[in-house]
Amino acid sequence: MTMNGKAVSETPKQYSYDVVIVGGAMYGSSVAWFLATNPDFDGSILVVERDPSYSACSTAHTNSCMRQQFSREINVRISQFAAEFVKNFRENLNNDPRVPELVLQSYGYMYLADNEDFADALRESQAVQASCGAGTKIMTAEEIKRDYPFYKVDDIVAGSHNLVDEGYFDGGTLFDWWRRSAKEHGAEYIGNEVVQMELDSNGTRIQTVTLKSGETLSCGAVVNASGPRAVLTSRMAGIELPVEPRKRYTFIFDAEHPLDRDLPLTIDPSGVHMRTDGAYYLGGCPPDDDAAVDYDDHEQDFSIWEEKAWPAIANRIPQFEAIKLINSWVGHYAYNTFDHNLILGKHTKVGNFIFANGDSGHGLQQSPAAGRGIAELLTYGEFRTLDLSPFSFERIENNEPFDEKAII
Ligand SMILES: Cc1cc2nc3c(=O)[nH]c(=O)nc-3n(C[C@H](O)[C@H](O)[C@H](O)COP(=O)(O)OP(=O)(O)OC[C@H]3O[C@@H](n4cnc5c(N)ncnc54)[C@H](O)[C@@H]3O)c2cc1C
């Protein structure tokens, strides 16, 4: 197996590891990095990645944005940690001079409400965000037009906008350095696939994982960081998970008449979103028929651009009547069908099976807090910084959805 033309070993160096991480993309590498760099953790870490080119994973298809505009305090705090982590990236990586500084381009999100019920929901969420110190402001249609004259606002009741620590960041560089630094701190990465797990006779511990190449390894704990394939991994431990792969379409376009200022990540009432993307613009949306798809189905459907995304974009910003599609891709959300939020931490019965799953459409920005939290759980047996227990698997067993209203 190769990555960037370099051979990636398929073969583990040991037959026993304290922690085996299944999936080496954003979540797997966040967990590996926070664990490997924690001075209180002295165990061994194996990261198993079935596709070291990372060409099909969610991380490679992300829109890489972060927002403080959530309705639940814990989600706001998670993004605030992400913003601090990104803004102090080199410092967080031990002031390593090879590590680039990351910029959080805070042009903000702009949620547009075309009815009073949604405007009220935005106002309620703004109060939660403000209590956490976020800079979100509710704007009237006139205020939106004043600050961003290019929007058509005649159907808009209110907007919710935040220019502090909210916008785009370079998630690819964050991922690359987590992986590189985790390896340098002793985490072992292999290009292989976990295909089976063996539990003890009580069904309370995973004793071994088996690789596609045939090796069977004993393990202290297993972390499920398998993205949209999370269900396949959890089934190896006899656990059902409400996560499925759902397609999300991204379109990069050039405008004949570019805007005179940054376009915030605009959440249009149609469900289409758009934002500045360097010299270009990015738009995206779900399909109308938002069903689970095959794990390998990344086929583009240009009718979604023609019939859904472009009309909504040109309607909201008439200046975008004349635009040219220059790139596009299809990625999978690891879509949590239960409540669209993270599923994090230990399984209630199989105590050494750890979830890092279901992050749906806001997982990239949650990866620093999730990785840190899981590293704490594995090192100390508890969350030490942010209490991430609201995301436990137990809530699914108890049928108590985590009610987050701001889902994209
Ligand atoms: C189009 C799109 C736009 C998005 N935009 C945003 C955004 O703006 N902001 C935001 O915060 N989030 C966004 N997200 C979500 C974010 O990208 C994901 O939540 C995040 O990348 C998930 O990372 P992951 O490591 O969990 O999953 P993945 O990146 O999918 O990685 C899982 C890895 O596990 C490996 N694997 C699976 N099974 C096995 C196995 N049995 N053995 C070994 N390896 C295995 C896979 O090969 C894969 O590399 C977006 C997602 C998409 C698709």
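This is a predicted model: local features need pLDDT of at least 70, side-chain atom pairs count only at pLDDT 80 or more; totals for chains, interfaces and linings use all residues.
Is Cys65 buried or exposed, going by its relative accessibility? At 8%, Cys65 counts as buried.

**View 1. The ligand and the residues around it.** Here we look at the ligand with its shell of 38 residues. Glu49, Thr59, Cys65, Asp359 and Gln365 are the closest of them. Sorted by class, the shell is made of 19 polar, 13 nonpolar and six charged residues.

View 2. An oxygen atom of the ligand sits 2.8 Å from a backbone N or O atom of Gln365. For a nitrogen atom of the ligand, the distance to a polar backbone atom of Val194 is 3.1 Å. Gly361 also takes part: one of its backbone N or O atoms is 3.2 Å from a nitrogen atom of the ligand. On its own, the ligand has 1000 Å² of accessible area, and the protein covers 96% of that. Which elements give two or more residues to the shell? They are helix H1 (26-36), strand E4 (45-49), strand E14 (243-255), strand E18 (323-336) and helix H9 (363-380).

**View 3. Helix H1, one of the elements around the ligand.** H1 is mostly covered, with 11 of its 11 residues buried. Start at Met26, Tyr27, Gly28, Ser29 and Ser30, which are among the buried residues of this helix. Then carry on to Val31, Ala32, Trp33, Phe34, Leu35 and Ala36, which are buried too.

**View 4. Cysteines without a partner.** How many disulfides does the structure hold? The count is zero. Take Cys57: the closest cysteine sulfur belongs to Cys65, and at 17 Å from the sulfur of Cys57 it is too far for a bond. Cys65 is in no disulfide either, as the nearest cysteine sulfur, in Cys285, is 15 Å away. Both residues are tucked in: Cys57 counts as buried at 19% relative accessibility, and Cys65 counts as buried at 8%. The cut-off for buried is under 20%, so Cys57 makes it with its 19%.

**View 5. Two loop residues with a positive phi.** Ser64 isn't a glycine, yet its phi is positive, near 60 degrees. Look for Ser64 in the loop between E4 and strand E5 (65-66), where it counts as buried at 6% relative accessibility. His340 is another residue other than glycine with a positive phi, this one about 60 degrees. You'll find His340 in the loop between E18 and strand E19 (343-346). With a relative accessible area of 24%, His340 is partly exposed.

**View 6. Strand E8 and its two partners.** Which residues of strand E8 (residues 158-161) point one way, and which the other? Ala158 and Ser160 go one way, Gly159 and His161 go the other way, and all are buried. Strand E6 (residues 109-113) runs antiparallel to E8, and four bridges join the two. Strand E7 (residues 137-139) is antiparallel to E8 as well, with three bridges between them.

**View 7. Asp277 in strand E16.** This view picks out Asp277, a residue of strand E16 (residues 273-277). Asp277 is partly exposed, with a relative accessible area of 23%. Leu265 is 12 residues away along the chain, and the C-alpha atoms of the pair are separated by 9.8 Å.

View 8. Lys212 belongs to the loop between strand E12 (206-211) and strand E13 (216-224). At 60% relative accessibility, Lys212 counts as exposed. From Lys212 to Phe81 it's 37 Å in space, C-alpha to C-alpha, and 131 residues in sequence. Leu325 is part of strand E18 and counts as partly exposed at 27% relative accessibility. Between Leu325 and Tyr107 there are 23 Å in space, C-alpha to C-alpha, and the two are 218 residues apart in sequence.

Definitions and conventions: Residues are numbered from 1 along each chain as its sequence is written. Side-chain values use heavy atoms; hydrogens and water are left out. A residue is near a molecule or strand if one of its heavy atoms lies within 4 Å of it. A polar contact is a pair of N or O atoms within 3.5 Å; within protein, one must be able to donate a hydrogen and the other to accept it, and residues adjacent in sequence count only if both atoms are side-chain atoms. Accessible areas come from the Shrake-Rupley method with a 1.4 Å probe; for residues, only the protein chains shown count as cover. Ala, Val, Leu, Ile, Met, Phe, Trp, Tyr, Cys and Pro count as nonpolar, Asp, Glu, Lys and Arg as charged, and the others, Gly among them, as polar. A disulfide is a pair of cysteine sulfur atoms within 2.5 Å. Buried means under 20% relative accessible area, exposed over 50%, partly exposed in between (1.4 Å probe, protein chains only). Two strands pair if DSSP finds at least two bridges between them.
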